[in-house]
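Biologist: I have not looked at this one before. Can you take me through it?

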Amino acid sequence: MYRNLFESHAHYDEGCYAPHLDRVLKEQGQKGVSHIINCGSDVASSRRSVELAARYDLIYAAVGVFPLSAGDLQEGWLEEIRALSKAEKVVAIGEIGLDYHAGTKDRDRQMVVFEAQLKLAGERGLPIQIHDREADADTIALVEKHRPRGMVHRFASPPQAGRAFLELGMHLGIGPNITYPEFAHVLETVRTMPLELLVLETDSPFLPPARLAGQISTSDMMGEVAETIAKVRGDCTPQELLDLTCSNAKRLFGIA
Ligand SMILES: [Zn+2]
C-alpha cells in the first residue's frame, strides 16, 4: 500500500459522495491519502469546500469561480470569494482560468473573472489552481502578466505549453488522464519536467484511470498515476514520487 498521497485537486462536495462521505473519506485515509484540497468552481461550491475543510482533518479548501461559471455570476461574487479566502484551511484560489472548448462564447467575460481572481490571489498571498482547457496562449499570457504561484490543474496541453508554464515557475497537476491514449502527449512533458514542479491529483469524482472509465473516482487512484509516471521516467519509484509530490504540494500550499 502507498502512503503520502497528497490529492491537490478534487471535488468531494459533489452529490455523488454525499450519502457516504464519512465512509469514503475514512477509507481514503486508510488507503494512504494524507491531504485533499477540495476545490470550488463557483461561489456555492467554494462555500462547501470551506465547510468540508472545517469538518474533516484531511481536507483543505481552494475557493474560486471557474470559467464555465463566469457567465452567471451575481453581483458581489468577488467579495464573497474574498471573504471565503480568509477562512481557516483555505490554501489556494481555484479553480480559476479559461475554457475555450467548443461552444464557449463568453471569452471576454471569462478573462475578466480570471484576472480579478489572479489579483485576489496576489492580494491574499495565496497560490492558484488553474483550469486551462484549449486556452493555452491566453492563460500563459495572464500568468506572465500576474506572475502567480500555483499549479495548472489536470495538465493536458501540448509539451510547448508545458514548457512555458514550467518556465514561469508553475507546477503541473498530473492526473489519471495520462492513462488514456488520447492524452499520450502529456507523457512527453511528464518524462522530462523537473520533479520539483510536479503535483498529483485526480479531479475526483470526474476522472478515474482508463481501466476504471465510467466509475466515480477517489484520491487513492493517484497510486496508478504515480505508477504511470515512474514507468515513463524510469528514474524513481511510485512511492518516491508520492513522497516527493507530497512535499512539493505542502511547500506550494503552505501546509506544515
Ligand atoms: Zn476540478
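Modeller: We will go through the sheet and then the strands near its end in the chain.
Modeller: This is a predicted model, where local features need pLDDT of at least 70, side-chain atom pairs count only at pLDDT 80 or more, and totals for chains, interfaces and linings use all residues. Residues are numbered from 1 along each chain as its sequence is written.

Biologist: What is the strand order in the open sheet?
Modeller: The order is β1-β2-β3-β4-β5-β6-β7-β8, eight strands with parallel pairing. Strands are DSSP runs of E, at least two residues, and helices are runs of H or I, at least four, numbered from the N terminus. Two strands pair if DSSP finds at least two bridges between them.

Biologist: And which are the edge strands?
Modeller: β1 (5–10) and β8 (198–200), each pairing on one side only.

Biologist: OK, β7. Are its faces covered or open?
Modeller: Both are covered: H171 and G173 on one side, L172 and I174 on the other, are all buried. Buried takes 20 or more other C-beta atoms within 10 Å of the residue's own, with C-beta atoms placed from the backbone.

Biologist: What stands opposite H171?
Modeller: M151 does, and V152 stands opposite L172. Those strands, β6 (residues 150–152) and β7 (residues 171–174), pair over two bridges.

Biologist: How does the chain cross from β6 to β7?
Modeller: Through helix α6 (residues 159–167), in a right-handed β-α-β crossover. Right-handed means that, with the strands pointing away from the viewer, the path from the first strand over the helix to the second runs clockwise.

Biologist: How many bridges join β7 to β8?
Modeller: Three, and the two strands run parallel. The bridge partner of I174 in β8 is L200.

Terms used. Buried ≥ 20, exposed ≤ 12 C-beta atoms within 10 Å, placed from the backbone.
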